[in-house]
Each structure stands twice: as C-alpha cells, then as structure tokens.
Amino acid sequence: MIETAEFGFELKQLGFDFFSGVPCSYLKNLINFAINDCEYVMATNEGDAIAIAAGASLGGKKSVVLMQNSGLTNATSPLISLTHPFQIPILGFVSLRGEPGHKDEPQHELMGQITAEMLTVMNINWEYLSGDVAEAKRQLAHANSYIEANQSFFFIVKKATFAAVELKERSFSQKQNLLHYQKKDDDLLPTRYEALSIINACKNADTIQLATTGKTGRELYDLEDSKHNLYMVGSMGCVSALGLGLALTRPDKAVVAIDGDGALLMRMGNLATNGTYAPENLLHILLDNQSHDSTGGQQTVSANVQFTELAAACGYPNSIYAHNLHELKDAIDNWQKNKQLTFVYLKIAKGSKNDLGRPKMKPYEVKNRLQVFLRD
Ligand SMILES: Cc1ncc(C[n+]2csc(CCOP(=O)(O)OP(=O)(O)O)c2C)c(N)n1
C-alpha cells in the first residue's frame, strides 16, 4: 500500500498542485490529500473536471483529475475533443471498480472490463499504478515525461492502493447573489454576430475570450482572429468550466466565457461549481437563441429556463439580464471596472453570418498562441 502523503508530496515536487474531480471510495485517500494540501476544485461531473483541469493547465499549472472509472464515461467528450486536439496534458487517476476476477457490484462489472481499453481507444497513455511507493514514484516520473511533452497520462488505481488520510473538515463559504437584473422589457434580439462584435470590442490587453462549440467560435474567428481567443471547437458545454480553471489560475487575466443555450444546458452543473468558487475575473455570457443553431436550428428547451435566476441561485454574485446590445456593453464595462463573477444573459436571434468560415489554425496552434500571450 502506498503512503499517500509521501506520494502526494512527490506529486507536488513534480509541480502537480491543481486538482479537480469527482470522488471514488478507492481514491478517497488521494482525494483527501488533494483537498487538505493542494488546490482542489470539486466538479459536479468528471467531464467538467477535465475541462476545469484543462483551463488550469492553459494557465500554466500542472493539473490532475481524480475519478471513478464509471466517471470516465462522463469524461469522454472533453478527453476526446478538448484535451486531445488542443494537446492539453492532464494527469489522471481513475479507479478500477469491477476489476475482473474480484467481487464487486453489478453496475461496475462491464466498466471494470473496459477501463484500460477505453483509455487506449482514446489514445491516452496509461499504466496500472503500483502499490509499492518506490515503484509508484518511478511511474510518476515516467508519467511526468509525457505531461511535459503535452500528452495526457492516466493511472488506473486498484482497490486499497492508498493508505488512509483523514479529510480535514472544510466547508464552502456560502456565496450570495448581490446583484440580479431580471427581465423587465422586450428583447431586441440582435444577431450573435452583433453580440460578439460588442463583446470583442470590449476586450482589453488582459482579456481572454473562450468561445463555445459551433458557430460562436466560428463567428468570433470571422470577426477577428486574435491571440486573446480560444475557439473551443469540441467538448460542448465545457466552456465555463474551462474558463473557471483558467480564471482561478490566472487572477491577473480577465476571462470571458461565451456560452450557448444548448451547451450550457448540456452541462448545467457548471453553474453551481462556478458560483461556489466564484473567481471575480470570470465573466460568463450566455447568448440564447433558443436553438442548436450550429446544427440546423433545432429547438433547445431553453424557453422554459430562467437562466439569470439559475445563476443567481447558484451563487453568482452578479446575474444580469441584458435586453439589448447597449445593456450587454454596460454589463461588460461594469464587470471590467468592478470585478465579480458575473453572468450576463442576452437573448439573440437565430441564424448566423452567411459563408461562415472555420478557424484555419489547428486547435493546438490556437492554444500555443494563447499560452505565449498568457506568459508574456
Ligand atoms: C457532445 C456533443 N453533442 C453534440 C454536438 C453537436 N453540436 C455542435 S454545436 C451544437 C449546438 C450547440 O447549441 P448552442 O450551444 O445553443 O449554440 P448555437 O449553435 O445555438 O450557437 C451541437 C448540438 C457536439 N459537438 N458535441
């Protein structure tokens, strides 16, 4: 069995000090160590944990995710379409519930058989973590060489690998919504392109703009391809999680995460995580066209959802309903002057610019450009 603190300090020695995940009893001692002794963001979903860790990695951290193998199924989208194409390295620890030949619950049986295969299929380098601490440290050094080459590496962790660590009592401070502008007028329904023009024109030297999957990123690219931008082409729903990880890691930067209604609804748990960690340098803008515009305009279920109420109820200090471009600009200006985690909602028209192109740079080239900008 591994002495958890010894292994944990080895992780820290190698520079891994940002953690996110969803707990598993097999990993509880390493998770307890991370919560007690490192920066740990409690995600609501393992996929969101990947995106949060990816954001931290963009910001210069070496980040780690911890999850049960059943959570690997939740994490596939960002592992396949975020960390892989952007070459964002993540160190992962995934438990092995349902290990073949060992008695476990029926819901883990199949997952136990396919955990290693799933990692292999996703092009993720992996090893079973040894229960011997000297060997485990050697494995960690090996994993680190992949991380430093911008490739993810996962350890599969069997039962009773880590020795007990007591969880120090901790509670999240109760976050409060302080400012909530609700709908009180007609919506003027500007186009997404017009809304993005306003957002883009508001950026300053410290702004990072993260654009959600689909036409939002394509339109932002069309407007102005700049070192401030990252077009999150895949991992639908993860843009505010990516923004959270980056904002927490780089408090000197102003992070704007531009979301779509389909995407936000897909991973709505992020609202709760964002509201709880509440970095003041994160601005979360939702452009709601009540549709999956990028895939042909099919309706989303957003017409029934009060998004500013949701954000306020999740603890965003500021939650603002903008009825038009003027109010959108005011909300961004106010956030820039007086930073608080802010959610801005704007209802927009369906449809997009004709002949819309796609980013010509590869995702990892966009990331590299952003990281140079973040380092300067
Ligand atoms: C996990 C996943 N499911 C589905 C898709 C296909 N897809 C790409 S963009 C998109 C619509 C996104 O809708 P929304 O966030 O409202 O943005 P809009 O297209 O309206 O700008 C969908 C369904 C995807 N890329 N990833």
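User: Which residue just after α5 takes a positive phi?

Analyst: That is Asn123, with a phi of about 65°. Please keep in mind that this is a predicted model.

User: How do you know that α5 reaches close to the span expected at 1.5 Å a residue?

Analyst: Helix α5 covers residues 109-121, 13 residues in total.

User: Where is the kink in α5 centred, and what does its angle compare?

Analyst: The kink is centred on Thr115 and amounts to about 45°.

User: What makes residues of α5 count as buried, and which ones are they?

Analyst: Buried means under 20% relative accessible area. In α5 the buried residues are Met111, Gly112, Thr115, Ala116, Met118 and Leu119. They pack against α4 (69-83), β4 (91-95), β5 (125-128) and β6 (153-157).

User: Why are β7 and β9 said to stand at the edges of the sheet?

Analyst: The open sheet has seven strands in the order β7-β14-β15-β11-β10-β8-β9, with parallel pairing. Strands β7 (179-181) and β9 (229-231) each have a single partner strand, so one side of each is left without a neighbour in the sheet. On average, neighbouring strands here are turned by 15° against each other, direction ignored.

User: How do you know that β11 and β15 pair?

Analyst: Pairing needs at least two bridges. Six bridges join β11 (residues 282-288) to β15 (residues 342-347), so the two parallel strands qualify as a pair. Within this pairing, His284 has Phe343 of β15 as its bridge partner. Helix α14 (residues 363-375) packs on the sheet too, touching β8 and β9, and its direction makes about 155° with that of β9.

User: What makes a set of residues a nonpolar core, and how many residues has the largest one?

Analyst: The members must be buried nonpolar residues joined through side-chain atoms within 4.5 Å. The largest core has 66 residues, and those with the most contacts inside it are Leu72, Phe154, Leu230 and Phe343. Helix α3 (residues 46-58) gives the most to this core, with eight residues. A second, separate core of 29 residues includes Cys24, Phe33, Cys38 and Phe162.

User: Which residues does Leu230 touch?

Analyst: Its contacts include Leu58, Phe86, Leu210, Leu242, Val366 and Leu370, leaving aside residues up to four places away in sequence.

Note on methods
Residues are numbered from 1 along each chain as its sequence is written. This is a predicted model: local features need pLDDT of at least 70, side-chain atom pairs count only at pLDDT 80 or more; totals for chains, interfaces and linings use all residues. Side-chain values use heavy atoms; hydrogens and water are left out. Helices (H or I, at least four residues) and strands (E, at least two) are DSSP runs, numbered from the N terminus. Axes are lines fitted to C-alpha atoms, for helices over the stretch in contact, and angles run from 0 to 180 degrees between N-to-C directions. Contact means heavy atoms within 4.5 Å. The expected span of a helix is 1.5 Å times one less than its number of residues. The bend at a residue is the angle between axes fitted to the seven residues ending there and the seven starting there. Buried means under 20% relative accessible area, exposed over 50%, partly exposed in between (1.4 Å probe, protein chains only).
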